[in-house]
Amino acid sequence: MKSFEQSQGSRFAEVEEIVAISTRVETSSKEVSAGGPVIYSDGDTAQVLNHDFHSIAFGATGSKKTRLYVAPLLAMLAKHGESMIVNDPKGELYKRFKPFLEGLGYPIHVLDFRNPTHGARWNPFSIPCDLYKDGDEEKSDVYIRDIADCVYSDLCQTTKDSFWPNNAKDYFTGLAQMVRNESQGNQLTMEAIRFANTAGNQMGKGGTFLKAYLKAVDPLSAVFMNLNETVHTADNTRKGIISVFSQPMNLYGQESLRDMMAESDFSLTEIGRRKTAVFIISPTERSVFNPIISAFVKQSYSALIDLVASREADGMLPVRVNYVLDEFSNLPEIQDINNMITMARGANIRFNLVVQSIDQLFRSYSPEGARNIINNCEAWFVLRSKDTHLHRIVTEMCGTRFSEYSHQEQPLVTSRTIQMLDKARGEVLIMLSGLDPYITTLPDIDAYPFGLPKAAQTLPPAREKKARQVFDIRKVVKRQQGNAEKQNREDIEKWVRDRIQAAKGDGA
């Protein structure tokens with residue numbers, strides 16, 4: 001650790017204080033007694049933050065955030081037997097950690113949006129469909145609305161007139177509810193929603209198939225109320241809403257992605273029951289998949305909280321779950337993230353966030369929302385950065401000390417301090433709640449005796465293509481119309497019989 005002048009006012013923490021609030025582990029051991037971020041280490045031993053603190057790491061591109069903070073964190077979580085959900089934009093963490101995790105007995109699931117024909121399948125509608133089958137339609141609707149919020153999050157932020165994305169979300173939700181209800185929860189996928197829009201707007205008897213469908217639906221039902229605004233509005237307005245609806249949905253037209261999201265290969269609640277690793281890989285050069293990654297984070301959290309509330313978990317997950325979200329500030333806004341972070345600690349869930357700059361976070365979230373996120377993170381890891389906004393916040397948080405040379409109050413940590421952190425030596429400024437700040441050198445991931453391969457090239461296994469049956473609204477409407485015509489004929493026949501019978505009675 002660096003040696004700094006200790007004087008009046010603010011000061012840097014001593015090594016003994018760091019040791020007192022953390023757990024010492026032998027990094028060469030197969031199992032360790034603590035899992036969490038490494039806050040001090042010489043490589044052979046490490047002081048690990050085993051608290052329920054949420055953490056956040058700041059650093060510019062190339063500041064070694066992954067090598068100094070993220071990768072050692074994953075290794076400690078694995079050795080402690082904790083579950084992890086990792087946003088792994090480049091896929092490098094999965095490639096290097098797969099053999100390591102398998103050796104520790106971890107089930108590993110990979111959602112590979114870079115190569116959608118590989119890895120696991122995940123249908124975001126699996127949980128709402130299961131809830132519907134179990135008779136909990138109201139909670140199923142909540143999950144569907146959460147998915148809609150994530151899919152249209154970017155449009156809601158960038159579109160000045162909220163009318164269009166809000167109506168697109170309602171339309172998306174209504175189509176999903178329609179498919180779920182009419183297929184008894186068996187055929188609801190992103191592909192089915194896209195096709196329901198396409199087929200539903202084709203012309204049938206007396207108008208579009210969606211118009212015909214709504215004639216047979218209870219006007220007080222959620223399906224009717226979500227679809228009606230779009231289906232029965234003026235033609236130009238309807239086309240505008242459908243155009244906005246289609247913008248993010250066009251992504252899910254890729255055959256490989258339709259296959260990937262046709263069903264779910266793993267249970268989200270199982271992540272909280274036994275140690276499990278989930279990696280989410282997406283192209284760093286394209287942000288189009290970020291909304292669905294946000295949807296996975298939101299949905300997995302909701303499913304885990306539902307497990308916590310069940311009799312099985314009795315208020316806390318059996319296995320601690322860690323969200324390790326690299327490039328967090330590049331993901332679209334995750335609805336209710338502030339409440340999620342606040343409630344997580346009592347549920348045995350931790351968030352570990354990685355961002356390039358404070359400004360990025362403020363672009364994705366409102367000023368109040370961004371402040372709440374960083375305020376709920378009690379462990380800050382600051383690597384070399386030129387983010388002046390971050391510098392001002394850190395300088396203020398670290399306080400001032402009285403200089404015996406200038407006889408004036410001076411910041412304990414300055415903007416220059418952060419800009420001059422030595423990346424090659426692994427220098428990191430760490431701030432923990434209840435402890436004075438300190439600057440330490442953290443080992444590179446390859447300096448630990450974890451035995452990770454230097455340059456693993458392991459790819460998720462390729463999947464066999466799944467045969468799919470896509471819901472068709474036209475068949476439902478034709479069946480409804482056929483039933484209606486049959487009922488009409490039966491009513492007429494009954495009326496005729498009644499009239500004949502009445503006439504015979506009058507003749508008698």
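Reader: Which residue forms a salt bridge with Glu270?

Author: A salt bridge here is a side-chain nitrogen of Lys or Arg within 4 Å of a carboxyl oxygen of Asp or Glu. For Glu270 the partner is Arg273, with the closest N and O atoms 3.5 Å apart. Glu270 is partly exposed at 31% relative accessibility, and Arg273 is partly exposed with a relative accessible area of 31%. (Buried means under 20% relative accessible area, exposed over 50%, and partly exposed in between, using a 1.4 Å probe and protein chains only.) Elsewhere, salt bridges with shared partners link Lys64, Arg67, Arg96, Asp444 and Asp446 into one network.

Reader: What should I keep in mind about the model and its numbering?

Author: This is a predicted model, where local features need pLDDT of at least 70, side-chain atom pairs count only at pLDDT 80 or more, and totals for chains, interfaces and linings use all residues. Residues are numbered from 1 along each chain as its sequence is written, and side-chain values use heavy atoms, with hydrogens and water left out.

Reader: How many salt bridges does the rule give?

Author: The count comes to 32. Take Lys98 and Glu102, whose closest N and O atoms are 2.7 Å apart. They sit four residues apart in helix H3 (residues 92–103), so about one helical turn separates them. Helices (H or I, at least four residues) and strands (E, at least two) are DSSP runs, numbered from the N terminus. Lys98 is buried at 18%, whereas Glu102 is partly exposed at 43%.

Reader: Which parts does the Arg145 and Asp170 pair tie together?

Author: That salt bridge spans 2.8 Å, N to O. Arg145 lies in helix H5 (residues 137–151) and Asp170 in helix H7 (residues 163–182), so the pair ties together parts that are 25 residues apart in sequence.

Reader: On to the sheet: in what order do its strands come?

Author: Strands of a sheet pair through backbone hydrogen bonds, either parallel or antiparallel. Here two strands pair if DSSP finds at least two bridges between them. Nine strands form an open, mixed sheet, ordered E6-E9-E5-E10-E11-E4-E12-E15-E16. Strands E6 (108–112) and E16 (438–441) stand at the edges with a single partner strand each, so one side of each has no neighbour in the sheet.

Reader: How many bridges join E4 to E11?

Author: Four, between E4 (residues 54–58) and E11 (residues 349–355), which run parallel. Among the residues involved, Phe58 has Val355 in E11 as its bridge partner.
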